[in-house]
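Please look at the model before reading on.

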Amino acid sequence: MKKLLGSSALALVFMAATANAETINILVEGGGEMLQKAVAEKFTAETGIKVNFTVVPYQGVFDKFSAEIASGSSAFDVVTIDVVWNAKFARHVENLSALFTDAVRADLPPVLLADAKVGDKLIGMPAWANAEIVFYRKDLFDKAEEREAFQVKYGYPLAPPKTWQQWRDIAKFFTRDTDGDGKTDFWGTDTIGTFSEEWMAHVLQAGPPGVILDKDGQVIIDNEAHKKALEFYIAPHCTDHSVPENVNEIGWGEAQNLFYQGKTAMMKFWGHAYKMTPPDSKVSGKVGVAPMLAGDAGIAAIPGPWYNVVPSTSQNKDAAKKFIAFAIANNALGIEAPLGLAATNSAYRSYAGKPGYEHFTPLLETLSAPATQGRPITEKYQEIVDEAVLPAVQQALTCKADVGEVLTEAKETIEDILN
C-alpha cells in the first residue's frame with residue numbers, strides 16, 4: 001500500500017503543476033492503445049487533459065517515430081516503444097529519471113528498470129511487460145493412466161516441468177501416433193526456428209554474465225553457457241524427435257496454433273496467451289501454466305516490455321510526463337484490456353487469485369527471477385539478431401552443424417557488425 005501511495009503521490013504532484021497542454025498525442029501500436037485506453041480516460045477525467053492516440057501497426061511505430069526525429073519536429077508527446085528500440089531512440093527522448101521514485105522502483109521487476117536505462121539516463125517508463133512461461137495440457141497431466149505410465153518410464157511423478165531434463169522427458173513421453181496410422185500426429189511440444197528469443201532465455205538459464213554481449217559489450221555468444229543452451233534448444237528436434245519437424249518454419253503464431261489446435265502437450269509462450277485462449281479451441285479450459293524453465297542459474301526469460309517515452313521535440317513535455325506518472329500509478333487499469341498486461345508488481349498481484357488470471361503468478365515469478373535479463377542494449381541489436389544470432393540458431397536446427405562452430409562464426413559476424 002505504501003508503494004502505491006508513493007506512486008499516486010507522484011502523480012498528484014504532477015497534477016498540481018501548471019500544464020498548458022489541453023491535449024497530448026500518443027503514438028502507439030494497436031494492442032498498446034487498448035492497454036492504455038482506460039488509464040487515458042481516467043487521466044482526462046482527473047486532469048482535463050485530453051489524450052489522442054495515433055494507432056499504427058507494430059513497425060509503423062518505429063518508422064513514424066524515426067521519420068519525426070529526422071524531420072526535427074514531433075506531433076507526438078508520448079511514444080510507446082518496444083524495448084528493442086530503446087537504444088535506437090535514447091538520444092532523442094527526455095530523461096525520465098525524476099519519475100522513478102523509490103516507490104516506483106520498488107514496484108517494478110528489476111529487469112524492467114535495467115531495460116529502461118540507456119547510458120546514464122532512464123529513457124522510458126514501463127507501460128506493460130510480458131515474458132514466456134510454460135503452458136501445458138492440464139487434462140493430460142491430470143489423467144491417471146498418463147501419470148502412472150510416466151512414473152514407470154521415467155521414475156518420477158508427471159508434473160509441470162521445471163528443469164530442462166523434465167521438459168525433454170515430458171515432451172518425449174507425450175509424442176505419439178494417436179490414430180494408429182504409423183505416423184506421429186501429437187507432439188510433446190514445438191521448437192521455434194524463426195525467432196531467437198526463446199533460445200536466449202535458455203542461455204540466461206544456463207548462467208552466463210549476459211546474453212550475446214557481456215556488461216562491457218564484449219561478444220560472448222560462443223561461451224559455454226550459450227553452447228549448452230543451444231544444445232538443449234535443438235535436442236527436442238535433433239535427438240528426441242518430440243516436436244514437429246518443420247522447426248525453421250515455426251514462429252510464435254505457428255507454435256500458438258499448434259497448442260490451441262490440440263497438437264502439442266506443452267509450449268513455452270508469452271503469458272498473455274493464457275487469457276486469449278479461444279473459447280472454441282480444443283484446449284479451452286484445459287490449460288495449465290507454470291513459470292519459465294530453470295537451468296543452473298534458475299528461472300530466466302527474455303522479457304518483452306514496452307516503454308512510454310517523451311520525444312525531445314514534444315511541445316507538451318510537462319503534460320506528457322504527467323500522463324506517464326499517472327499511468328504507472330494506475331497501471332492495473334490496463335489489465336481488463338484483451339491483452340491483459342501490466343508492468344508493476346502491485347498491478348499483477350492485485351489480480352492474482354482471480355479466475356482467468358492464473359497466469360499472473362508464474363508470469364510475475366518469471367519476470368522477477370534474478371537470472372531474467374533483457375536483450376543487449378545496443379542500437380545494432382536487430383542487425384545482430386538478423387545477421388548472426390537467428391542464422392546460428394537455424395543452422396544448428398538443421399542438426400548437421402557443430403554447435404560450437406556455429407557460435408564461433410556468429411561471434412565473428414557480431415564483432416564485424418559492432419566494429
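How many helices and strands are there in the chain? There are 17 helices and twelve strands, where helices (H or I, at least four residues) and strands (E, at least two) are DSSP runs numbered from the N terminus. The model is predicted: local features need pLDDT of at least 70, side-chain atom pairs count only at pLDDT 80 or more, and totals for chains, interfaces and linings use all residues. Residues are numbered from 1 along each chain as its sequence is written, and side-chain values use heavy atoms, with hydrogens and water left out.

**Overall form**
- Along the principal axes, the C-alpha atoms fill a box of roughly 70 × 50 × 35 Å.

**Burial and contacts**
- Of the 419 residues, 55% count as buried, meaning under 20% relative accessible area (1.4 Å probe, protein chains only).
- Among contacts (heavy atoms within 4.5 Å) between residues at least 6 apart in sequence, 75% join residues at least 24 apart.

**Helix 16**
- Helix 16 covers residues 381-396 and has a kink of about 30° at Val 389, shortly before the proline Pro 391. The bend is the angle between axes fitted to the seven residues ending at a residue and the seven starting there.
- Its buried residues include Tyr 381, Ile 384 and Val 389.
- The buried residues of helix 16 pack against helix 10 (197-206), helix 11 (224-238) and helix 17 (403-418).

Conventions. Buried < 20%, exposed > 50% of the residue type's maximum accessible area, 1.4 Å probe, protein only.
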